[in-house]
Amino acid sequence: MYFKYGLIIVGAIVIQGFLTYFQVKDYRKNVSEIRKKGRLFIGQTKGKIKAGSIVMMAVDEGGMIKEAKSMTGITVFHRFRRVDDLIGKNIFESDQWLDAVKDKQMVKAISKGIEAMNKSISQDYEDKDSE
């Protein structure tokens, strides 16, 4: 009896690992696709009970979003989907359009991505000044 339960638990762990592998493979594929379209910025939020969210954005030098994809969910079955509402927006004017995004987890992830971008840009300028 305990052997059956143990076998079921081990089987579930193996299946979860297998599905996680495919999710990571999808993540890497999307990162490489978006990286080709512009400077890549990624923001993520973790949900403890509710779903977390990852947002990837390709941004040009002027701050225009050329490509945006997001993944929101709590299971390994979720995949990245294109977010057409973000494409063409300027990240430097995010305070004007960020409130219109309905998914609050996505808003948090976008905000974190923009924060990371600002840190990266300021670090680039500091590196250029020190040269």
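## A tour of the salt bridges, sheet and surface patches

Start by selecting Glu 67 and Arg 82: they form a salt bridge whose closest N and O atoms are 3.3 Å apart. Here a salt bridge is a side-chain nitrogen of Lys or Arg within 4 Å of a carboxyl oxygen of Asp or Glu. The pair connects distant parts of the chain, with Glu 67 in strand β3 and Arg 82 in strand β4, 15 residues apart. Helices (H or I, at least four residues) and strands (E, at least two) are DSSP runs, numbered from the N terminus.

A word on what is on your screen: this is a predicted model, in which local features need pLDDT of at least 70 and side-chain atom pairs count only at pLDDT 80 or more, while totals for chains, interfaces and linings use all residues. Residues are numbered from 1 along each chain as its sequence is written, and side-chain values use heavy atoms, leaving out hydrogens and water.

Now colour by accessibility. Buried means under 20% relative accessible area, exposed over 50%, and partly exposed in between (1.4 Å probe, protein chains only). Glu 67 counts as buried because its relative accessibility is 3%, whereas Arg 82, at 47%, counts as partly exposed.

Through shared partners, salt bridges join Lys 37, Glu 67, Arg 82 and Asp 84 into one network.

Next, pick Glu 33 and Lys 69, another salt bridge, with 3.0 Å between the closest N and O atoms. This one links helix α1, which holds Glu 33, to strand β3 (residues 65–73), which holds Lys 69, 36 residues apart. Lys 69 is buried, at 14% relative accessibility, and Glu 33 is partly exposed, at 32%.

Switch to cartoon view for the sheet. Four strands make an open sheet in the order β1-β2-β3-β4, with antiparallel pairing. Its edge strands are β1 and β4 (81–82), each pairing on one side only. Two strands pair if DSSP finds at least two bridges between them; β1 and β2 are joined by seven.

Finish at the loop between β1 (39–45) and β2 (52–59), where Lys 50 lies. Which category does Lys 50 fall into, buried or exposed? Lys 50 counts as exposed, at 52% relative accessibility.
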